Amino acid sequence: MFPPSTRILIVDDIQSLRDLLKAYLRRLGYWNLLEAQDGQEALDILWQAQSAKEEIGLVISDWNMPVMTGLELLKRVRMVPDWKNLPFLLLTTESEKARVVQAVQAHVSNYMVKPIDEATLKEKLFKVWEKATKG
Ligand SMILES: [Mg+2]
């Protein structure tokens, strides 16, 4: 499982959803949390973290956001050689589920359908970690 010190970037355009994710992650033992409200902001944070040698170990991103969507963020991330295997968990709504194939083709690590709950988040984190470590 991801070590407790893992830097996790939470990306969602809704503050209350970011707060909920932070609360769940803290309860699961994660304290090194960063947040962004859209894909562009997330990309900026990823680059800043990389240049500061404070690499982000997991991105949890909403799909539907203004400025830059989660799918677009995923595609941009995967274009960077260092981030080809960066764990990336995408949040979708039931109506977006049919489009998940696009995210799979863009090499998403896993996805989670909203509304989210702590138990499912934990299970998804475990799966993403296993995928990242076992390839
Ligand atoms: Mg959204």
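**Notes on the sheet and its surroundings**

1. Start with the sheet: five strands, open, in the order S2-S1-S3-S4-S5, and the pairing is parallel. At the edges you'll find S2 (33-36) and S5 (110-113); each has a single partner strand, so one side of each is left without a neighbour in the sheet. On average, neighbouring strands here are turned by 20° against each other, ignoring direction. Keep in mind as you look around that this is a predicted model.

2. For a look at one pair, take S3 (residues 58-62) and S4 (residues 88-92). These two strands run parallel and share 4 bridges.

3. Helix H2 (residues 39-51) packs on it and touches S1 (8-11), S2 and S3, with its direction at about 165° to that of S1. Helix H5 (residues 118-134) also packs on the sheet, touching S4 and S5, and its direction makes about 170° with that of S5.

4. Finally, have a look at Leu71, which sits in helix H3 (residues 70-79). Is Leu71 buried or exposed? It counts as buried, because 23 other C-beta atoms lie within 10 Å, where 20 or more are needed for that label. Leaving out residues up to four places away in sequence, Leu71 touches Trp63, Gln102, Ala103 and Ala106.

Terms used:
Residues are numbered from 1 along each chain as its sequence is written. This is a predicted model: local features need pLDDT of at least 70, side-chain atom pairs count only at pLDDT 80 or more; totals for chains, interfaces and linings use all residues. Two strands pair if DSSP finds at least two bridges between them. Axes are lines fitted to C-alpha atoms, for helices over the stretch in contact, and angles run from 0 to 180 degrees between N-to-C directions. Two residues are in contact if their C-beta atoms, placed from the backbone, lie within 7 Å. A residue is buried if 20 or more other C-beta atoms lie within 10 Å of its own, exposed if 12 or fewer, and partly exposed in between; C-beta atoms are placed from the backbone.
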